[in-house]
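This report describes a ligand shell and a sheet. Please consult the sequence and structure shown here alongside the text.

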Amino acid sequence: MTVKESPEAAAEVLQHALTGDDLPDSFHLLGREWALHRGVFPGTLTAATEVMASVLPYPQDGSFLEVGCGTGVISVTAALNGCKTVTALDINEKAVANTEANAERHGVGDRVRALHSDLYAALDPGERFDAIFWNVPWTYVEDGFPLSTDLHSAVFDPGYQGQARFIAGAQDHLTDGGRLLMGTADLGDRERLDGFAAEHGMRVELLRKVRRIEVVRVMEYHLLELHPA
Ligand SMILES: C[S@@+](CC[C@H](N)C(=O)[O-])C[C@H]1O[C@@H](n2cnc3c(N)ncnc32)[C@H](O)[C@@H]1O
């Protein structure tokens, strides 16, 4: 079943994640502390980052390309879990700096290369990887929907053009037998995705399904004291 999330609901979540002086500059995930730069998709906004980082089949001693690295949790986890080299790309410059900071923090700065890039644009034409992965912005919106902040591109994919370009360009950057992997959710539009894959002679297989009970909103916890009136 495909569930649709309203753009308004997603935008409301973003608004909370972007504003406010008291937003944390780090978060805890997968037993580690991660730097969070303002304007970068927080790795705890949904469980997707943790789930994908945990279940991805990292190519052992191989090369891993992450498109849309965000805070770098997945790229750093790839480097810590047997990948020889990791390339992390993001269209959001702040995510590139955030990923570099987290790679340094967790001692894999020498194996994680982060680049500012729209999809594969910053790669050399001949560069190839044993696995390419994107934890995609899964919210479908019509073409022309304004991506008014950096965080909008982390959540919305107008016309699913990002996913279409991800699939279209992958073959130029995969090794023989290399794997093309995507992280999405039941909020994504699977029919559309299957259509793009078919246009490029590919089919989509569900490798893993992980269910989580989630409340998609930011909570503020209040400690109250009661006084005599
Ligand atoms: C759902 S977030 C995932 C972030 C991170 N990988 C994680 O799991 O926490 C999607 C990421 O894709 C990036 N992105 C969106 N469009 C992109 C594009 N055309 N090229 C590269 N990165 C893109 C966003 O900036 C965002 O960081």
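## Composition of the ligand shell

In this predicted model, the residues of the shell around the ligand comprise 13 nonpolar, 10 polar and 2 charged. The ligand is surrounded by 25 residues. Those closest to the ligand are Thr49, Gly68, Gly70, Ile91 and Ala154.

## Elements that supply the shell

Four elements each contribute at least two residues to the shell around the ligand: helix 2 (48–55), helix 3 (73–80), strand 4 (85–90) and helix 5 (152–155). Helix 2 provides the largest share of this shell, namely 3 residues.

Strands in the order 5-4-3-6-9 form an open sheet of 5 strands, and their pairing is parallel. Strand 5 (112–116) and strand 9 (174–183) are the edge strands, each of which pairs on one side only. On average, neighbouring strands of this sheet are turned by 15° against each other, direction ignored.

Strand 4, which supplies at least two residues of the shell around the ligand, also takes part in this sheet. Serine 63 has threonine 85 in strand 4 as its bridge partner.

## A helix on the sheet

Helix 4 (residues 93–105) packs on the sheet, where helix 4 touches both strand 4 and strand 5. The direction of helix 4 makes about 170° with that of strand 5.

Technical notes
Residues numbered from 1 in each chain as written. Predicted model: local features only at pLDDT ≥ 70, side-chain atom pairs only at ≥ 80, totals over all residues. Near = placed C-beta within 6 Å. Nonpolar A, V, L, I, M, F, W, Y, C, P; charged D, E, K, R; others polar. Pairing = 2+ DSSP bridges. Axes fitted to C-alpha atoms, helices over the stretch in contact; angles between N-to-C directions. Contact = placed C-beta atoms within 7 Å.
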